[in-house]
Amino acid sequence: MSLTPFKSATNTNQSIIPNPEEYQAAQQFIDNLRQDFPLDPKQIVLVPGNHDLNWKLAKQAYQLCDLEDYDGELKDGHYIKVSEEVIRVRDEAKYQQRFAHFSQFYQAIKGQPYPLDYDQQAIIDHFPDQNLLILGLNSAWQLDHHFKDRASIDQIALTNALTEIRRNSDYDNCLKIAVWHHPLTDQGLMEELAVARFRFFLHGHIHKAETSLFRYDLSPDGRKLDGICAGTFGAPTLELRTGYPWQYNLLKINGNQLTVYTRRREEANGAWKPDSRWTQGPGKSAKDHYSIEL
């Protein structure tokens, strides 16, 4: 079987609000993908990124308040300091709505809305015929127009999902893959996934294909997580990293081996072709793929 993870971007600037036309374009792309392969909606895994939360709705969730008149608890990260006398305090119910447009897009693809409650934003997709489990997580759940850099995974959502996975014997022997958007370096997250016998994590965001390895046990056959980072599939030219074109990864699983094929497109309207950037050692030509033993 094969998986195709990629990171796409439709905005030229993070502060631009994703509009209905952009989601319609993304839906059309996925609809075309489904027809070409073909794919059932259940076979499509979607996770939100920083371009999927609506900053206008985030701003509307913060209400101006004189500090001396506010008698509630001021939680760090839940308010914005405007001045020594004035703050903006967020309404939690309104704040969740910044993912409402993504939720509608998700429903158009998957047939059910994306949950707005953070503790539900860890979605398990089980593919018994392929003996595969994919856990989709929201690494953008704490981001907004003001707090732009606090990518993370909600701990309650993760705990709920891992508990469900542990208690369901149908998942015991599955190849387990976690998917989120940002390049997280949370040691605790990696440890929890490794102990839960996840083997891979996929992400994007940094606009270049990369690979990484997290070892939980130091023994040769110990628990470990290989990280597979996809490049950007459709970001504007100005957002491309120096030396990196548009990219996507194609993952093929064959027996006890997963092979990552990297594809590139160098011209805005050009064709996709192999991206030979994985070095094999001195005197050897770079390849467009690499393999990992399961």
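The questions below concern a helix, a histidine and a pocket in a predicted model.

User: How do you know that the span of helix 1 agrees with its number of residues?

Analyst: Helix 1 covers residues 20–36, which is 17 residues. At 1.5 Å a residue, they should span 24 Å, and the end C-alpha atoms are 24 Å apart, so the two values agree.

User: What makes the buried residues of helix 1 line one face?

Analyst: The buried residues are Glu 22, Tyr 23 and Ile 30. Seen down the helix axis, they fall within an arc of 100 degrees, so they line one face of helix 1. These buried residues pack against helix 4, residues 100–110. On the other side of helix 1, Pro 20, Glu 21, Gln 35 and Asp 36 are exposed.

User: Why is His 145 called buried?

Analyst: Buried means under 20% relative accessible area. His 145 has 17%, so His 145 counts as buried.

User: Where does His 145 lie, and which residues does His 145 touch?

Analyst: His 145 lies in the loop between strand 6 (132–137) and helix 5 (155–167). Not counting residues up to four places away in sequence, His 145 touches Trp 55, Ala 58, Lys 59, Tyr 62 and Ile 80.

User: What volume does the second largest pocket have, and which residues lie nearest its centre?

Analyst: The volume of the second largest pocket is about 430 Å³. Its lining has 21 residues, of which Cys 174, Leu 175, Lys 176, Arg 199 and Leu 294 lie nearest the centre. By kind, the lining residues divide into 8 nonpolar, 5 polar and 8 charged.

Terms used: Residues are numbered from 1 along each chain as its sequence is written. This is a predicted model: local features need pLDDT of at least 70, side-chain atom pairs count only at pLDDT 80 or more; totals for chains, interfaces and linings use all residues. Side-chain values use heavy atoms; hydrogens and water are left out. On a 1 Å grid over the protein atoms alone, a cavity is a set of points where a 1.4 Å probe fits but cannot get out, and a pocket is an open set with protein on both sides within 12 Å along at least five of seven lines; lining residues have an atom within 4 Å of a point. Grid points are joined across faces, edges and corners, and a volume is the space filled by probe spheres set on the points. Ala, Val, Leu, Ile, Met, Phe, Trp, Tyr, Cys and Pro count as nonpolar, Asp, Glu, Lys and Arg as charged, and the others, Gly among them, as polar. Helices (H or I, at least four residues) and strands (E, at least two) are DSSP runs, numbered from the N terminus. The expected span of a helix is 1.5 Å times one less than its number of residues. Buried means under 20% relative accessible area, exposed over 50%, partly exposed in between (1.4 Å probe, protein chains only). The arc is that of the directions from the helix axis to the C-beta atoms. Contact means heavy atoms within 4.5 Å.
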